[in-house]
Amino acid sequence: MINKPRGTEDILPEDSPLWRKIERTAHEVCENFGFKEIRTPVFEDTNLFQRGVGDTTDVVQKEMYTFEDKGGRSITLRPEGTASVARSFIEHSLYAGPQPTKLYYIISCYRYEKPQSGRLREFHQFGIECLGSSSPATDAEIITLALTFFKRLGITDLKLNLNSIGCPECKKEYNEKLREYFKQYENELCDTCKTRLERNPMRIIDCKSEVCSKIAEGAPKMIDFLCDECREHFDKTCKYLDSVGVEYVIDPNIVRGLDYYTRTVFEITSDALGAQSTVCGGGRYNGLIEEIGGKPTEGIGFALGIERLVMIMKAQGFTGDVASGTDIFIGSIGDKADIAASVLVYNLRLNGINAERDLLGRSVKAQMKYANKIGSRFSMVLGEDEVDSMQANLKNMETGETVSVKLNADEIAKLL
Ligand code: ATP
Ligand code: MG
C-alpha cells in the first residue's frame with residue numbers, strides 16, 4: 001500500500017464543493033476589482049526564489065523543494081506566487097500595458113515544513129499582486145479586496161492587523177537599533193537567528209522559536225522609526241480604510257516572511273485556526289521587481305491559504321455549492337435496450353442533462369435501487385417493447401408519477 005506523501009492532502013469529492021465555492025468567489029471578486037488571472041509554472045529556476053523571496057527568510061533557508069533536473073539545472077517547486085508573477089511581469093513586458101498591472105492566481109505551493117494542523121508541504125494559495133502603483137489607495141484596495149472576498153463567503157470573526165515596516169532608508173536606522181537590542185541576547189538566539197543578526201535582524205521578529213519570539217517582544221518597533229514619507233503613506237492608507245469602514249488593529253510586530261517587503265504589511269487572522277492563526281498575509285514590496293532584474297516598480301499583494309480558509313469555513317458550519325445531482329437514470333433490460341439506453345444517455349448528456357445508466361450489469365431491480373441511492377430525480381426503464389415503440393414511461397422518483405414520453409432526448413430534456 002502506497003500512501004500520500006507526508007504533508008499532502010487529498011481533496012475528496014465531499015470537500016471539493018467547498019473548494020469550488022472558494023475558487024468561484026475568488027474569480028468573481030477579482031473581476032469586480034479589475035484583477036486578471038495569471039498562471040505560471042509549478043517550478044522555476046531556484047535563483048528566482050533565492051532573490052525574490054530572499055535568502056535570509058525561513059522559506060529559502062529551510063523550506064524549499066529544490067532539486068537538480070536531468071539537464072543539471074537547479075529547479076525549485078514554487079513556495080509562493082509573488083516571485084513568479086514578478087518574473088512574468090518582467091519577462092512579458094506587462095509594464096508596457098495600461099498601469100497598474102493587476103493580477104491574481106490560485107495555485108499549489110510547496111514548502112518542506114513540519115506538517116501540523118494548518119501547515120502542509122503542499123498547500124494552496126489565492127493571491128493577488130498589483131504592480132506599478134505607489135499610491136496608498138492601492139494598499140487600501142488590496143486589503144479591501146481580501147475583506148470583500150471573506151465577506152462574500154459569509155465569514156465573520158476575522159481580525160485585520162496592520163503595520164508599516166518602512167523603506168530601505170528608515171530601515172537602516174531601525175536595523176541598527178535592532179542589532180543593538182538583539183546583540184544583548186546573542187547567545188540565547190536560535191542558530192538561524194544568530195546568522196540573521198548581522199544580515200537581516202528584522203527577520204528575528206518573525207522567528208517561530210519560543211525563545212526568539214520571547215526576546216523579540218521587547219525589541220524596538222519599526223513603526224516608531226518611520227521616515228516622514230513612510231509615515232504619511234501609512235496614515236493615508238489608514239484614512240482610506242477608515243473611509244470605507246474597515247476595522248483594523250495596528251500591530252507593530254508584523255514583519256512578514258519575505259525580505260523585500262516595504263511600508264504596508266498586514267495579516268488577517270481567525271480564532272478558529274489555533275496556532276496557525278494567519279489565513280492571509282500581504283504587503284508592499286517596492287524593491288522586488290528591481291531585485292530580480294526589472295526596472296524599479298512598486299508592488300503590493302497578498303496571499304491567502306486556502307486550506308486554512310477551508311478549516312475556518314468548516315468550523316463555522318459552511319458547506320460548498322450544492323452539486324446539481326443526477327437528473328435521470330435510464331435503466332435497461334436486455335442487449336437491445338442496453339444499447340438504446342447508452343444512446344439516450346449520451347444524447348441527454350449532450351443536452352446538458354445529468355444522465356446515468358447502469359455500468360455493472362445489474363438486474364433491473366438492482367438498477368432501480370442504485371437510482372434511488374444516488375438520488376436521481378427521474379428514472380426510466382427500457383426493454384425490448386420500449387425500444388420497438390420508441391415510447392417509455394418517465395417516472396418522477398419523488399412523487400411516483402409517471403408519464404409516457406417519446407424516446408427522444410430533446411423531448412425528455414424538456415420534462416426534467
Ligand atoms: P506562517 O507564519 O503561518 O508560516 P507564512 O508567513 O510563511 O505563514 P506566507 O508566506 O505569507 O505565510 O503565505 C500566505 C498564507 O499561505 C499564510 O497566511 C497561510 O494561510 C498560507 N500558508 C503558508 N504556509 C503554509 C503551509 N505550510 N501550509 C498551509 N498553508 C500555508
Ligand atoms: Mg511559514
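This briefing walks through some helix packing and strand pairing in the structure above. The model is predicted, so a local feature needs pLDDT of at least 70 and side-chain atom pairs count only at pLDDT 80 or more, while totals for chains, interfaces and linings use all residues. Residues are numbered from 1 along each chain as its sequence is written, and side-chain values use heavy atoms, with hydrogens and water left out. Helices (H or I, at least four residues) and strands (E, at least two) are DSSP runs, numbered from the N terminus.

**Helix 1 and helix 12**

- The axes of helix 1 (residues 16-32) and helix 12 (residues 306-315) come within 11 Å and cross at roughly 115°; axes are lines fitted to C-alpha atoms, for helices over the stretch in contact, and angles run from 0 to 180 degrees between N-to-C directions.
- That makes helix 1 and helix 12 roughly perpendicular (65 to 115 degrees; under 35 is roughly parallel, over 145 roughly antiparallel, and the rest oblique).
- Leu-18, Trp-19 and Ile-22 of helix 1 touch Ile-306, Glu-307, Leu-309, Val-310, Met-313 and Lys-314 of helix 12, where contact means heavy atoms within 4.5 Å.
- By class, this contact of helix 1 with helix 12 has seven nonpolar, no polar and two charged residues (Ala, Val, Leu, Ile, Met, Phe, Trp, Tyr, Cys and Pro count as nonpolar, Asp, Glu, Lys and Arg as charged, and the others, Gly among them, as polar).

**Helix 5 and helix 10**

- Helix 5 (residues 136-153) and helix 10 (residues 228-243) pack at about 45°, with axes 8 Å apart, and are therefore oblique to each other.
- On the helix 5 side the contact uses Pro-136, Ala-137, Asp-139, Ala-140, Ile-143 and Thr-144, and helix 10 brings His-233, Lys-236, Thr-237, Tyr-240 and Leu-241.
- Those contact residues of helix 5 and helix 10 split into six nonpolar, three polar and two charged.

- An open sheet of three strands runs in the order 2-4-3 with antiparallel pairing; strands pair if DSSP finds at least two bridges between them.
- Strand 2 (43-45) and strand 3 (66-68) are the edge strands, each pairing on one side only.
- The twist averages 35° from one strand to the next.
- Strand 3 meets strand 4 (residues 74-77) over three antiparallel bridges, and Glu-68 has Ser-74 of strand 4 as its bridge partner.

**Strand 5 and its partners**

- Nine of the ten residues of strand 5 (residues 101-110) are buried, so the rest of the structure largely encloses it (buried means under 20% relative accessible area, exposed over 50%, partly exposed in between, with a 1.4 Å probe and protein chains only).
- Strand 1 (residues 36-37) runs parallel to strand 5, joined by two bridges, and Lys-36 has Leu-103 as its partner there.
- Strand 6 (residues 122-131) is antiparallel to strand 5, with ten bridges; Lys-102 stands opposite Cys-130 of strand 6.

Terms used. Chains are lettered from A and ligands numbered from 1 in the order in which they are written.
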